[in-house]
Amino acid sequence: FPVYALGIVLAALLRMTEDSKLPPWWILGPQGVLVQAFLPWLTERGLQVHCWFLSCMVLFWLLFPSLYRFIRTLSLSGVSLGLLLCCLPPWLLAIVPAAS
């Protein structure tokens with residue numbers, strides 16, 4: 001997080017030296033605390049567009065310990081079923097025609 005914060009500060013300074021306008025506070029705030037990917041329209045308007053992935057990682061880091069403990073209790077067939085269910089949505093989108 002310190003390197004990310006330094007990157008935001010440097011990007012803001014660079015924009016100010018180029019006489020570019022900084023994004024409004026309601027875009028910089030979520031980007032500063034790594035929650036910009038939770039509102040997808042914020043990711044393309046921030047200072048560091050490519051860092052949206054870090055905000056996804058925050059949710060992963062928060063949920064991982066609980067999910068790991070839960071998955072450890074499952075049998076092999078339970079884990080296999082879970083993997084199948086995770087892989088199913090993209091295939092359903094490809095197979096089932098979109099409603100017009």
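How many disulfides does a search of the whole structure find? The search finds zero, where a disulfide is a pair of cysteine sulfur atoms within 2.5 Å. Cys51 is in no disulfide, and the nearest cysteine sulfur, that of Cys56, is 12 Å away. Cys51 is also buried, at a relative accessible area of 11%; buried means under 20% relative accessible area, exposed over 50%, and partly exposed in between, with a 1.4 Å probe and protein chains only.

Before going on, please note that this is a predicted model, in which local features need pLDDT of at least 70, side-chain atom pairs count only at pLDDT 80 or more, and totals for chains, interfaces and linings use all residues. Residues are numbered from 1 along each chain as its sequence is written, and side-chain values use heavy atoms, with hydrogens and water left out.

Now look at Cys87. Its sulfur lies 6.6 Å from the closest cysteine sulfur, in Cys86, which is too far for a bond. Cys87 counts as partly exposed, with 46% relative accessibility.

Next, let us turn to the space inside. A search of the whole structure finds one cavity of 30 Å³ or more. On a 1 Å grid over the protein atoms alone, a cavity is a set of points where a 1.4 Å probe fits but cannot get out, and lining residues have an atom within 4 Å of a point. The largest cavity holds about 40 Å³ of space. Its lining is made up of Ile27, Gln31, Gln36, Leu42, Thr43, Gly46, Gln48, Val49 and Trp52. Four of the lining residues are nonpolar, five are polar and none is charged.

How values were computed. On a 1 Å grid over the protein atoms alone, a cavity is a set of points where a 1.4 Å probe fits but cannot get out, and a pocket is an open set with protein on both sides within 12 Å along at least five of seven lines; lining residues have an atom within 4 Å of a point. Grid points are joined across faces, edges and corners, and a volume is the space filled by probe spheres set on the points. Ala, Val, Leu, Ile, Met, Phe, Trp, Tyr, Cys and Pro count as nonpolar, Asp, Glu, Lys and Arg as charged, and the others, Gly among them, as polar.
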